[in-house]
Amino acid sequence: MSIWHVTGGRPLRGRIRVQGSKNAVLPVIAASLLCPNETELTNCPHLSDVDAAVDILRYLGCQARQEDVLSIDTRSPSRCDIPKELMHRMRSSVIFLGPMLARFGEAEVSVPGGCELGKRPIDLHLYALRQLGAEITEQENAISCRATGLRGAEISLALPSVGATENAMIAACAAEGSTVIYNAAREPEIETLQEYLRTLGAEIHGAGSPVIRVTGFSPRSAAGLRVPPDRIAAATYLCCAVCAGGEIRLTDAEPRHLTPVLEALHKMGCAVSAGPGEIHIAAHGRPHAPGAVVTRPYPGFPTDASPLLMAANLRTAGTVMFIENIFESRFRHACEMQKLGADIILRPPMALLSGVETLHGARMFSPDLRGGAALVAAALGAEGESIIADLGHIARGYDGMDRCLRELGAEVWMENLLPDEPV
Ligand code: UD1
């Protein structure tokens, strides 16, 4: 358990570098199983989700070391199952299914289960792997996959699922012949995965569009990649600047991946400018209402940035409708924000926010990764001290969020409690 102490009312100033992307690196770590040698990932963020993915690789008999660079040696894996405890540490562990099938021809895992955001089915992942020739049995909470030889196929996803697209791309690399994935997710993280698979020698085209074509191949001996900037972490710090007021510059950012977020901030009256690798924001006074915030698959407004934009709008002069189209329990942070004095009416999948003039410090409980970060952001704009109890959610996705905010002048400190210490 971590306890965040945030004292609001201090404008943010300065510059910080955006961390490497969590959602880009996790599928690449899983895909490294395809490599019969070593993978080197630079700009890999230090996150507990990265640790969980690395622990899965180690359990499978691979070696990994993270200092400045994450070095993975996948020369001699020794097993093809993932135990329940490891599967449950990270919802994205399901992304190991495709790579394990590709490398070993079999995989035994447990169902990753639901999560804080509601039901998280994996039917599309299993459909894609079955299309490629995998025989899959599901018994209670266990999933067994076998393939005596994967073969190229047409895969039409009913929804553009990010994880199912990634699993299909990776497994298709080991299939005989060509695979076409229709209605593929178009998120930038899919392009990163394509880039990594190409360094292994894959013939793969179309990432970033709804149709991806993969031709099976024999992987080359070593691979590497620089992890791109994390677009949601960038959105987080921009929203923190709106909550606290001030002027900050993000370096090593990718503004092209943040178009709907930057547009919303612009409509809120913030001065946002972007150049190659940089985003600058100046936010003073109460924001204006940006209109409805409707989450959609990329290139639409990202669901992961919705809690952050809600935090940034708590003191808006006007009302803002949030409509969530991706996850059923996306608004759990809203009840906590009400403790700060926020005016939010919840009618999932909608939330109607009416901006208030002032917020006051409160004790809150972080409900999930982005919701937790949004509470920290909201507390920066509240008078007095807030305390946020967090069961390790924020560390899953942010590399030193407290340090970054302090570098920008915020009064934030975080203590890690032992499991039985009182909050
Ligand atoms: C990824 C991101 C997550 C982000 C989400 C949507 C990672 C590690 N996580 O999650 O941060 O919020 O994309 O941009 O990259 N669905 C099904 N069946 C399936 C798979 C998904 O019905 O088999 C549904 C989900 O319940 C959800 C929607 O499809 O409603 C989108 O989910 P998906 O794109 O798969 O998200 P993730 O890959 O889990």
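Start by selecting D304 and the ligand: an N or O atom in the D304 side chain sits 2.6 Å from an oxygen atom of the ligand. Keep in mind as you click around that this is a predicted model.

Then pick L124, where a polar backbone atom lies 2.7 Å from an oxygen of the ligand.

Now widen the selection to the whole shell. Which residues come nearest to the ligand? Of the 19 around it, they are D123, L124, S161, D304 and I326. Color the shell by residue type and you get seven nonpolar, six polar and six charged residues.

Show the helices next. Both α5 (123-131) and α6 (162-173) supply at least two residues of the shell. The top contributor is α5, which gives three residues.

Zoom out and color by domain. Why does the ligand lie between domain 1 and domain 2? Domain 1 (2-19 + 229-416) and domain 2 (22-226) both give residues to the shell, so the ligand is placed between them.

A search of the whole structure turns up 22 salt bridges; here are a few worth a click.

Select R10 and E411. Their side chains form a salt bridge, with N to O at 3.0 Å. R10 is in the loop between β1 (2-7) and β2 (12-17), while E411 belongs to strand β23 (residues 411-416), so this pair ties together parts that are 401 residues apart in sequence. R10 is partly exposed at 41% relative accessibility, and E411 also counts as partly exposed, at 35%.

Move on to R130 and E138, whose side chains meet in a salt bridge of 3.7 Å, N to O. R130 is partly exposed, its relative accessible area being 37%.

Then go to K339 and E336. The closest N and O atoms of this salt bridge are 2.9 Å apart. Is E336 buried or exposed? With a relative accessible area of 12%, E336 is buried, whereas K339 is partly exposed at 39%.

For the last stop, select R17, R226 and D252 together: salt bridges that share partners join these residues into one network.

Conventions
Residues are numbered from 1 along each chain as its sequence is written. This is a predicted model: local features need pLDDT of at least 70, side-chain atom pairs count only at pLDDT 80 or more; totals for chains, interfaces and linings use all residues. Side-chain values use heavy atoms; hydrogens and water are left out. A salt bridge is a side-chain nitrogen of Lys or Arg within 4 Å of a carboxyl oxygen of Asp or Glu. Helices (H or I, at least four residues) and strands (E, at least two) are DSSP runs, numbered from the N terminus. Buried means under 20% relative accessible area, exposed over 50%, partly exposed in between (1.4 Å probe, protein chains only). A residue is near a molecule or strand if one of its heavy atoms lies within 4 Å of it. A polar contact is a pair of N or O atoms within 3.5 Å; within protein, one must be able to donate a hydrogen and the other to accept it, and residues adjacent in sequence count only if both atoms are side-chain atoms. Ala, Val, Leu, Ile, Met, Phe, Trp, Tyr, Cys and Pro count as nonpolar, Asp, Glu, Lys and Arg as charged, and the others, Gly among them, as polar. Domain bounds come from an automatic or database domain assignment.
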